[in-house]
Amino acid sequence: MFDLIAPRYDLLNRLTSLGMDQPWRRATVRALKLSPGSRALDLATGTADLALMILRKHTQTSVVGLDPSSGMLAIGERKVRRAGLDGQICLIEGDAQDLPFPDHSFDALTMAFGIRNVPDRGKALAEMARVTRSRGRIGILELTWPEGSLLAPLARLHVRYIVPTLGAILSRGAQYNYLRESISAFPRPEEFGRLIESSGLDLLSITPFAMGACCLFVASPR
Ligand SMILES: C[S@@+](CC[C@H](N)C(=O)[O-])C[C@H]1O[C@@H](n2cnc3c(N)ncnc32)[C@H](O)[C@@H]1O
């Protein structure tokens, strides 16, 4: 599915999130508290927006981006080359549930809008705990079902009707119904927080954005 939508993915992202996806990624990068020389892993890196953002904010770091979709990674590679950052970003094909890295090999880890797509989320979280060094920061950004604020019904209308319609028009397919369905099937933030805690990680914070339509989970290996 991601190979199919890859050419239009960035545009769809900006439009369906009403331009909020980049500020949400920036908040994720801030939460990592990176220092010069740090090495970060961006899971479900897709077209590498978050990997690039890490390097633009922290120029003396390096990032490995991992994703199973070769179509998304091909677009990411082009963006990395255009930015002249191919010496600092390495993009590889892989699955978040089975990471090809030794224990404690990264200072920080991110995953934006990716954990929702992973069949065994507990396994992916345990892998995050394994490959991140002790007390390194893990930032997981995910779309969540908007609830708990007065304006949440408006956000729900957006996710139910506007996102799939925009998606169908721009990607010329029905793939964006998947977005609505996967968001409503994703656990509520507190429940996902409990899964984080039971996967060998300390949950440090949950920050909701846009009436709960997106949440940033920050955690650290025990
Ligand atoms: C909505 S995109 C997010 C891309 C990027 N992180 C961003 O911020 O735009 C979701 C990505 O998750 C990837 N994905 C799906 N299953 C995965 C898995 N098991 N492990 C890692 N990534 C996965 C997809 O290939 C896709 O590129």
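Five helices each put at least two residues into the lining of the largest pocket: α1 (2–5), α2 (9–16), α3 (21–32), α7 (152–171) and α8 (176–185). Before I go on, please note that this is a predicted model.

Let me stay with that pocket for a moment. Of those helices, α7 gives the most to the lining of the largest pocket, with 5 residues. In total, 28 residues line the largest pocket. Nearest its centre lie Thr16, Ser17, Leu143, Val163 and Leu179. How does the lining divide by class? The largest pocket has 20 nonpolar residues in its lining, together with 6 polar and 2 charged. The space inside the largest pocket comes to about 480 Å³.

Now, which pocket does the ligand sit in? The ligand is in the second largest pocket. About 410 Å³ of space lies there. The lining of the second largest pocket has 30 residues, and Ala44, Asp67, Pro68, Gly114 and Asn117 are the ones nearest its centre. Here the list of contributing elements includes strands: β1 (39–43), β2 (62–67) and β4 (106–112) each supply at least two residues, as do the helices α2 and α4 (49–57). The element that gives the most to this lining is α2, with 3 residues. By class, the lining of the second largest pocket has 15 nonpolar, 9 polar and 6 charged residues.

Next, the ligand itself. There are 18 residues around the ligand, and those that come nearest are Tyr9, Arg25, Ala44, Asp67 and Ala112. The shell around the ligand is made of 9 nonpolar, 6 polar and 3 charged residues.

A nitrogen atom of the ligand lies 2.9 Å from a polar backbone atom of Ala96. Asp95 uses its side chain instead: an N or O atom there is 3.0 Å from a nitrogen atom of the ligand. With Asn13, the ligand atom is an oxygen, 3.5 Å from an N or O atom in the side chain.

How much of the ligand does the protein cover? On its own, the ligand has 600 Å² of accessible area, and the protein covers 94% of that.

Methods. Residues are numbered from 1 along each chain as its sequence is written. This is a predicted model: local features need pLDDT of at least 70, side-chain atom pairs count only at pLDDT 80 or more; totals for chains, interfaces and linings use all residues. Side-chain values use heavy atoms; hydrogens and water are left out. A residue is near a molecule or strand if one of its heavy atoms lies within 4 Å of it. A polar contact is a pair of N or O atoms within 3.5 Å; within protein, one must be able to donate a hydrogen and the other to accept it, and residues adjacent in sequence count only if both atoms are side-chain atoms. Accessible areas come from the Shrake-Rupley method with a 1.4 Å probe; for residues, only the protein chains shown count as cover. On a 1 Å grid over the protein atoms alone, a cavity is a set of points where a 1.4 Å probe fits but cannot get out, and a pocket is an open set with protein on both sides within 12 Å along at least five of seven lines; lining residues have an atom within 4 Å of a point. A molecule sits in a cavity or pocket if more than half of its atoms lie within 2 Å of its grid points. Ala, Val, Leu, Ile, Met, Phe, Trp, Tyr, Cys and Pro count as nonpolar, Asp, Glu, Lys and Arg as charged, and the others, Gly among them, as polar. Grid points are joined across faces, edges and corners, and a volume is the space filled by probe spheres set on the points. Helices (H or I, at least four residues) and strands (E, at least two) are DSSP runs, numbered from the N terminus.
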